[in-house]
Amino acid sequence: MATGTQALRAAAASLLLATGFGHGSAGPDSIHALIQDAEEQSRHRLLDEKSQTAGLEVSAAADGSEEDGESLVDSINDFIFGDDCDRSPKDVLGLVDLSSWMSTLDANTSLADLTIPGTHHSGAYALSTTVNPNDPEYAILEEASYGLPDKVVSPWVCRFSLTQSLSLSEQLRAGIRYLDLRIDFDSETETFRTFHILFGPNAEVLFGQIAGFLKKIQQKSYWWK
């Protein structure tokens, strides 16, 4: 197989013959000079192409770095100043449906003989970054944060305050029958909301999930304090 230089020489020779060179108008030295000139031009062209390619790669890398930087800034802003706590997506495909487990109990079973499955801070499955200063645990937060603004501290509080991964309706479907709901008035939204240092869903949403579950299973249920 011919090398790149050999192919270039052959092409140059063919070009010279086609244009009338070699028919006495130019000697071997002239032909050799033309071929060398063609090779030199080819080398310069290849260098230029490599330089342009490298320039594009550098420019792309710079653009990527800029985009990465902007993405990082956005992530930090979302983390520090976002309105809601971030959490990993949940997978409920493997959730076992225990909606009707109480229907299998003997009607004469005493509540004292039952172990009732429940959840702690049941409504803290989705929280905002708005702090509830009425929460008794807020005093601990104030002391530990050394006077930093609530908006700065609250994203870190999310990690502690998010206690559940399932909504109330999903908890009930999983068999939970004791719900720990702590509700207070949020003056900012003028609604009653669940809370765990941070405010969560409003009471209407929570009770709507409970009512929807009871309507769906259509069986006798017991509620107690």
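Me: What is the pLDDT like over residues 1-5?
Reply: This is a predicted model, and over residues 1-5 the pLDDT stays under 50. The model has two contacts beyond four places in sequence for that stretch.

Me: And residues 7-26, how many contacts there?
Reply: Residues 7-26 have 14 contacts beyond near neighbours in sequence, with pLDDT below 50.

Me: Which elements have the lowest and the highest mean pLDDT?
Reply: Helix α1, residues 4-18, has the lowest at 45. Strand β4, residues 191-196, has the highest at 97.

Me: What about the protein as a whole, mean pLDDT?
Reply: The mean is 75, and 61% of the residues reach 70 or more.

Me: OK, strands. What does β4 pair with, starting with β3?
Reply: β3, residues 183-186, pairs with β4 in the antiparallel sense over four bridges. Phe185 stands opposite Phe192 of β4. The two strands form a hairpin with four residues between them. In that turn, Glu190 has a positive phi of about 55 degrees.

Me: How many bridges join β4 to β5?
Reply: Three, and these strands also run antiparallel. β5 covers residues 198-202, and its Asn202 stands opposite Arg193. β4 and β5 form a hairpin too, with one residue between them: Ile197, which has a positive phi of about 65 degrees.

Me: Does anything else involve Arg193, or rather, what does Arg193 form a salt bridge with?
Reply: Arg193 forms a salt bridge with Asp186, and the closest N and O atoms are 2.6 Å apart.

Me: Are Arg193 and Asp186 buried or exposed?
Reply: Both residues are buried.

Me: How many salt bridges in the whole structure?
Reply: A search finds three. Another of them joins Asp180 and Arg182, with 3.0 Å between the closest N and O atoms. Asp180 has a relative accessibility of 15%, so Asp180 counts as buried. Arg182 is partly exposed at 31%.

Me: And Asp83, what does its side chain meet?
Reply: The side chain of Asp83 meets Lys151 in a salt bridge, 3.7 Å from N to O. This pair links distant parts of the chain, 68 residues apart. Asp83 lies in the loop between α2 (28-81) and β1 (118-119), while Lys151 is in helix α4, residues 150-161.

Me: How accessible are Asp83 and Lys151?
Reply: Asp83 is exposed, with a relative accessible area of 56%. Lys151 is at 34%, so Lys151 counts as partly exposed.

Me: Switching to cysteines. How many disulfides does the structure hold?
Reply: One. Cys85 and Cys158 form the disulfide, with their sulfur atoms 2.0 Å apart. The pair links distant parts of the chain, 73 residues apart: Cys85 is in the loop between α2 and β1, and Cys158 is in helix α4.

Me: Left-handed or right-handed, and why?
Reply: The disulfide is left-handed, because the torsion about the S-S bond is about -75 degrees.

Me: Are Cys85 and Cys158 buried or exposed?
Reply: Cys85 counts as buried at 12% relative accessibility. Cys158 counts as buried at 5%.

Me: Which residues make up the largest nonpolar core?
Reply: There are 12 residues in all, including Cys85, Cys158, Leu127, Tyr138, Val153, Ile197 and Leu198. Helices α3 (138-144) and α4 each supply at least two residues of this core. α4 gives the most, with three.

Me: What is Leu127 in contact with, leaving aside neighbours within four places in sequence?
Reply: The contacts of Leu127 include Asp84, Cys85, Ser161, Leu162, His196 and Leu198. Phe199 and Gly200 are also among them.

Me: And how many residues in the second core?
Reply: Nine, and the core is separate. Among them are Leu168, Leu179, Phe213 and Ile217.

Me: Last one. Where does Gly175 lie?
Reply: Gly175 is in the loop between α5 (168-173) and β2 (178-179). Its relative accessibility is 4%, so Gly175 counts as buried.

Me: What is Gly175 in contact with beyond four places in sequence?
Reply: Gly175 contacts Leu98, Trp101 and Pro117. The C-alpha atoms of Gly175 and Ser100 are separated by 7.8 Å, with the two residues 75 apart along the chain.

Note on methods. Residues numbered from 1 in each chain as written. Predicted model: local features only at pLDDT ≥ 70, side-chain atom pairs only at ≥ 80, totals over all residues. Heavy atoms only, no water. pLDDT = per-residue confidence, 0-100. Contact = heavy atoms within 4.5 Å. Salt bridge = Lys/Arg side-chain N within 4 Å of Asp/Glu carboxyl O. Buried < 20%, exposed > 50% of the residue type's maximum accessible area, 1.4 Å probe, protein only. Pairing = 2+ DSSP bridges. Disulfide = S-S within 2.5 Å. Core = buried A, V, L, I, M, F, W, Y, C linked by side-chain atoms within 4.5 Å.
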